[in-house]
Amino acid sequence: MTYILQLDSSANLTSSASRQLATEFAQRWAAAAPGREIRRRDLHTEQLPHLHTNALHFTAELQPDGSVTPSPEARRLQDELLAELSDAAAVVVGAPMYNYSMPSTLKAWLDNVHVIGATSPAAEGIAPLRGKPVLVISARATPTGADVETDFVIGPFFGILGAFMGMQVQGVVVHTEPPANPGDFHRPIAEVRAEVAAVADGWS
């Protein structure tokens with residue numbers, strides 16, 4: 001099965017721009033070729049636990065001395081998340097900005113899939129996910145995000161999934177309210193929808 005992994009994290013279950021655009025992107029990607037499917041993980045309605053030990057950032061053989069050994073349940077969940085990511089042909093992430101950061105539910109997913117010795121460091125040749133395409137769509141009202149690589153929400157994806165894990169990360173910001181002041185950086189949903197469609201077509 002060839003699938004795109006769609007991750008949603010908005011607490012807005014009825015009118016979320018990030019959910020809407022991520023769904024449109026996944027559907028467009030899936031419709032571009034036969035046999036493609038969408039696997040969706042809703043990180044808000046089915047929240048992942050935060051890491052209970054720093055040892056989960058490492059493979060068992062690299063686990064720091066003195067750290068708490070992860071529970072079997074935590075390792076099983078992490079293995080499930082890693083397999084789901086590894087088997088995906090592509091990834092689209094809906095990432096709203098909450099208090100100048102990503103939702104903690106989405107950060108918990110990032111913490112689980114960045115495992116030193118398993119998925120990184122790419123600089124040392126540990127990059128089984130190298131080249132896998134990822135699109136992060138971040139919605140907010142405030143005029144931030146002109147430089148997506150240093151953006152409060154999208155920037156960490158460039159660092160973690162991109163630099164550390166070798167994945168091919170792209171990011172786009174959508175603003176859900178009119179600009180507060182003339183000249184504010186502002187990208188309405190219609191403009192972003194066209195860009196998202198172009199990215200999906202480029203991946204097809």
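Helix axes are here lines fitted to C-alpha atoms over the stretch in contact, with angles taken between N-to-C directions. In this predicted model, helix H3 (residues 104-113) and helix H4 (residues 155-164) pack at an angle of about 20°, and their axes lie 11 Å apart. Because angles under 35 degrees count as roughly parallel, H3 is roughly parallel to H4. The crossing of the two helices, H3 and H4, is left-handed. On the H3 side, Leu-106, Trp-109, Leu-110 and Val-113 take part, meeting Phe-157, Ile-160 and Leu-161 of H4. The contact of H3 with H4 comprises 7 nonpolar residues, with no polar and no charged ones.

Turning to the sheet, 5 strands are arranged in the order S2-S1-S3-S4-S5, forming an open sheet with parallel pairing. Its edges are strand S2 (36-42) and strand S5 (168-175), each of which pairs on one side only. On average, neighbouring strands are turned by 15° against each other, direction ignored. Strand S4 (residues 133-140) pairs with S5 in the parallel sense over 8 bridges, and Leu-135 has Gln-170 in S5 as its bridge partner.

Two further helices pack on this sheet. Helix H1 (residues 17-31) touches strand S1 (2-8), S2, strand S3 (90-94), S4 and S5, and its direction makes about 175° with that of S1. Helix H2 (residues 72-87) touches S1, S2 and S3, with its direction at about 125° to that of S1.

As for annotation, an unreviewed UniProt entry places the feature "domain: Flavodoxin-like fold" at residues 4-175. Over residues 4-175 the chain is 30% helix and 19% strand, and the end C-alpha atoms are 25 Å apart.

Methods. Residues numbered from 1 in each chain as written. Predicted model: local features only at pLDDT ≥ 70, side-chain atom pairs only at ≥ 80, totals over all residues. Heavy atoms only, no water. Axes fitted to C-alpha atoms, helices over the stretch in contact; angles between N-to-C directions. Helix = DSSP H or I, 4+ residues; strand = E, 2+ residues; numbered from the N terminus. Parallel < 35°, antiparallel > 145°, perpendicular 65-115°, else oblique. Left-handed = near helix turned anticlockwise from the far one by under 90°. Contact = heavy atoms within 4.5 Å. Nonpolar A, V, L, I, M, F, W, Y, C, P; charged D, E, K, R; others polar. UniProt positions renumbered as here; feature names shortened; annotations may be inferred. Pairing = 2+ DSSP bridges.
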